[in-house]
Amino acid sequence: MDKRPRKQAKTRCSTSEAEVSSIEWDFIKMTEQEEDLICRMYRLVGDRWDLIAGRIPGRKPEDIERFWIMRHGEVFAEKRNKHRTKNS
């Protein structure tokens, strides 16, 4: 029999405070032109946020991705509706 100790699975603790839950995201305001460009570019290149952000001055790939998720994600449907009624 082998007397060596068994290897234990590596566990990672993600206690980084830089991580933010997507539930806590604020809405990103985009102009109508930016929204249109994002939609058209997404149809062309998919979720290559860095390429899309390169076409919109002053926007980071993370901002574009977050905007897309919040705009088209099912999780945010209820929050979107509350935001719209609040601003109407």
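R66 and D63 join their side chains in a salt bridge, with N and O 3.7 Å apart; the term covers a side-chain nitrogen of Lys or Arg within 4 Å of a carboxyl oxygen of Asp or Glu. Both residues sit in helix α3, three residues apart, which is about one turn of the helix. Helices here are DSSP runs (H or I, at least four residues), numbered from the N terminus. R66 is partly exposed at 25% relative accessibility. For that scale, buried means under 20% relative accessible area, exposed means over 50%, and partly exposed is in between, using a 1.4 Å probe and protein chains only.

Please keep in mind that this is a predicted model, in which local features need pLDDT of at least 70 and side-chain atom pairs count only at pLDDT 80 or more, while totals for chains, interfaces and linings use all residues. Residues are numbered from 1 along each chain as its sequence is written, and side-chain values use heavy atoms, with hydrogens and water left out.

D36 is partly exposed at 39% relative accessibility, and R40 is partly exposed at 41%.

Another of them pairs R59 with E34, whose closest N and O atoms are 3.0 Å apart. R59 belongs to the loop between α2 (49-54) and α3 (61-72), while E34 belongs to helix α1 (residues 32-45), so this contact ties together parts that are 25 residues apart in sequence.

How accessible are the two partners? R59 is partly exposed, at 21% relative accessibility, whereas E34 is buried, at 15%.

## The aromatic cluster

Now for the rings: the structure holds three aromatic pairs. Rings of Phe, Tyr and Trp (its six-membered ring) pair if their centres lie within 6.5 Å; planes under 30 degrees apart are stacked, over 60 edge-to-face, and the rest tilted. Y42 and W49 make a stacked pair, 5.6 Å centre to centre with 20° between the planes. Y42 is partly exposed at 28% relative accessible area, but W49 is buried at 11%.

W49 also pairs with W68: their ring centres are 6.2 Å apart and their planes stand at 45°, so this pair is tilted. Because W49 lies in helix α2 and W68 in helix α3, the pair ties together parts 19 residues apart in sequence. W68 is buried, at 13% relative accessibility. Together, Y42, W49 and W68 form one aromatic cluster.

Technical notes: Helices (H or I, at least four residues) and strands (E, at least two) are DSSP runs, numbered from the N terminus.
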